[in-house]
Amino acid sequence: MKKLFFVICLLSGTGLMAQKKQLSEAAMQRAQKKEERREKINQLIKQEEEGALIFNKQSAFSFNLNTDGWGLKYEKGKYKSITSTNLWWLEFGERKHPKEERIPTLSSSGGFILISNYIYGKRNNFYYLNLGFGQQKLIGGKGNKNGIAVSAIYGAGLSAGLLKPYYLDVQNLQTGERTQIKYDGTNQSTFLDPNAILGRGGLFKGFNEIKFVPGAHAKFALRFDYGRYNELLSAIDVGINASYYSQKMPILLLNPEKNFFFNAYAAFTFGRRK
């Protein structure tokens, strides 16, 4: 019995020593990983203080004020290096003709006076949907957290031109009948007659008649980022856009149609970095 008891104690002691050794090795590994994380954080802080944009990915929304319309954009970015970020974006907006003129109108219906307006000679609303890919290149980093980082953004991609017929609310001067019409190539005299036009058609009139025109686009911009590093993206973008479509886009009657469009824009961009 004494020998058996001695063997059991010896085995138990050996097992405890092995268990303590494993726990010690695990503790050392945790301490080493903790030290590696601390060192990595210190390196990121140092790079940030030197003006670098340090993050894994970013996402942002923008509102664009274009010289020929407006746009809304969603942007996604993936960190590549201290100075480079890969980007893709999806943008929807409306392009307007520079000679568009809004005409106010007065009409009566059921004893009420109706105030409306319309765009003279407007044939189609021209919307666009852009899918693009590009890069953001850091030009100048922030000197401190309250500074401004300047980056160049460039890229290109596909563009879908969306033509929605523009409807007018008109009245037959002989019969007094009221109806909504779009330009069809045969009714130009009525479509351009201010005496017959009561105002624009319904807001959603024509959306089921949208025509798709394929194209491509490219852009270049400078981004002035005043947000905090690694947390918030707050910036103003100033740039130029160029788009080309597979056919001429009819927007305004009595004016030349074209395939190529060029504009400048300013965008207010807000998002987050992780």
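The structure is a predicted model. Across the whole structure, 10 salt bridges are found.

**Lys 96 and Glu 94**
- A salt bridge joins the side chains of Lys 96 and Glu 94, with an N to O distance of 3.6 Å.
- Lys 96 is partly exposed, because its relative accessibility is 29%.
- Glu 94 has a relative accessibility of 7% and therefore counts as buried.

**Glu 209 and Lys 182**
- Lys 182 and Glu 209 form a salt bridge in which the closest N and O atoms are 2.4 Å apart.
- Glu 209 lies in the loop between strand E10 (197–200) and strand E11 (211–225), while Lys 182 lies in the loop between strand E9 (178–181) and helix H2 (188–191), so the pair ties together parts that are 27 residues apart in sequence.
- Glu 209 is partly exposed at a relative accessible area of 28%, and Lys 182 is partly exposed at 29% relative accessibility.

**Asp 225 and Arg 273**
- The side chains of Asp 225 and Arg 273 are joined by a salt bridge of 2.4 Å, N to O.
- Asp 225 belongs to strand E11 and Arg 273 to strand E13 (residues 258–273); the pair, 48 residues apart, links distant parts of the chain.
- Asp 225 and Arg 273 are both buried.

**A network of four residues**
- Salt bridges also link Lys 73, Glu 75, Arg 223 and Asp 237 in a network.

Notes
Residues are numbered from 1 along each chain as its sequence is written. This is a predicted model: local features need pLDDT of at least 70, side-chain atom pairs count only at pLDDT 80 or more; totals for chains, interfaces and linings use all residues. Side-chain values use heavy atoms; hydrogens and water are left out. Buried means under 20% relative accessible area, exposed over 50%, partly exposed in between (1.4 Å probe, protein chains only). Helices (H or I, at least four residues) and strands (E, at least two) are DSSP runs, numbered from the N terminus.
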